[in-house]
Amino acid sequence: MTADTDCLFCKIVTGEIPGDVVHRTERTVAFRDINPQAPLHVLVVPREHLPNAAALAEADPVATAELVTAAKAVAAAEGYDDYRLVFNTGADAGQTVFHAHLHVLAGRGQTWPPG
Ligand code: 5GP
Ligand code: ZN
């Protein structure tokens with residue numbers, strides 16, 4: 001398992017920094033976003049440190065799929081059939097934490113196109 005000692009989400013995965021963890025699988029951990037943008041706003045991350053979704057998909061397709069199935073389980077556990085999944089990839093797309101993470105948003109109407 002590769003980890004980055006300076007990475008915030010690696011520290012939440014290992015428990016070094018507390019996170020409000022709602023779901024775990026062999027390859028993923030899901031925790032509530034500290035600054036929620038919807039009534040449900042959870043981040044599903046691979047346990048392995050990879051900087052973005054594209055790098056993750058290349059390195060570990062199984063973990064990539066597991067993020068999506070974990071996201072469904074997180075939404076379903078809170079009673080949501082409808083939810084939005086977002087991977088911000090790169091600073092210009094709004095990525096601020098460079099450990100791949102899938103945003104799961106639900107509980108309010110979602111506009112399209114997003115801002
Ligand atoms: P990004 O902008 O990279 O797509 O998403 C990073 C997300 O991480 C943001 O929504 C931000 O609110 C969240 N975040 C930043 N720091 C922390 C933290 O320490 N704990 C948790 N749970 N979420 C965080
Ligand atoms: Zn990391």
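Here are some numbered notes on this predicted model, to read with the structure in view.

1. Start with the sheet. It is open, has 5 strands in the order S1-S2-S3-S5-S4, and its pairing is antiparallel. Strand S1 (21-24) and strand S4 (84-86) stand at the edges, and each has a single partner strand, so one side of each has no neighbour in the sheet. On average, neighbouring strands are turned by 20° against each other, ignoring direction.

2. S1 pairs with strand S2 (residues 28-32) in the antiparallel sense, over 3 bridges.

3. Just after H3, look for Gly79, which takes a positive phi of about 90°.

4. Several residues of H3 are buried: Ala63, Thr64, Glu66, Leu67, Ala70, Ala71, Val74 and Ala75. The buried residues of this helix pack against helix H2 (53-59) as well as S1, S2, S3, S4 and S5.

5. In soluble globular proteins, nonpolar side chains tend to be buried together. Here, the largest nonpolar core has 16 residues, and Leu40, Val42, Val44, Leu56 and Val104 touch the most other members. Strand S3 (40-46), helix H3 (61-77) and strand S5 (102-106) each supply at least two residues of this core. The largest share, 6 residues, comes from H3. Apart from this core lies another, of 10 residues, including Ile12, Val13, Leu43 and Val97.

6. Beyond its neighbours within four places in sequence, Val42 is in contact with Val22, Ala30, Phe31, Arg32, Asp33, Val74, Leu102, His103 and Val104.

7. Finally, find His99 in the loop between S4 and S5. Is His99 buried or exposed? Its relative accessibility is 0%, so His99 counts as buried. The side chain of His99 makes a polar contact with the side chain of His49, at 3.4 Å. Leaving aside neighbours within four places in sequence, the contacts of His99 include Cys7, Phe9, Cys10, Val45, Pro46 and Leu50.

Terms used
Residues numbered from 1 in each chain as written. Chains lettered and ligands numbered in written order. Predicted model: local features only at pLDDT ≥ 70, side-chain atom pairs only at ≥ 80, totals over all residues. Heavy atoms only, no water. Core = buried A, V, L, I, M, F, W, Y, C linked by side-chain atoms within 4.5 Å. Buried < 20%, exposed > 50% of the residue type's maximum accessible area, 1.4 Å probe, protein only. Helix = DSSP H or I, 4+ residues; strand = E, 2+ residues; numbered from the N terminus. Contact = heavy atoms within 4.5 Å. Pairing = 2+ DSSP bridges. Axes fitted to C-alpha atoms, helices over the stretch in contact; angles between N-to-C directions. Polar contact = N/O pair within 3.5 Å; in protein donor to acceptor, adjacent residues only side chain to side chain.
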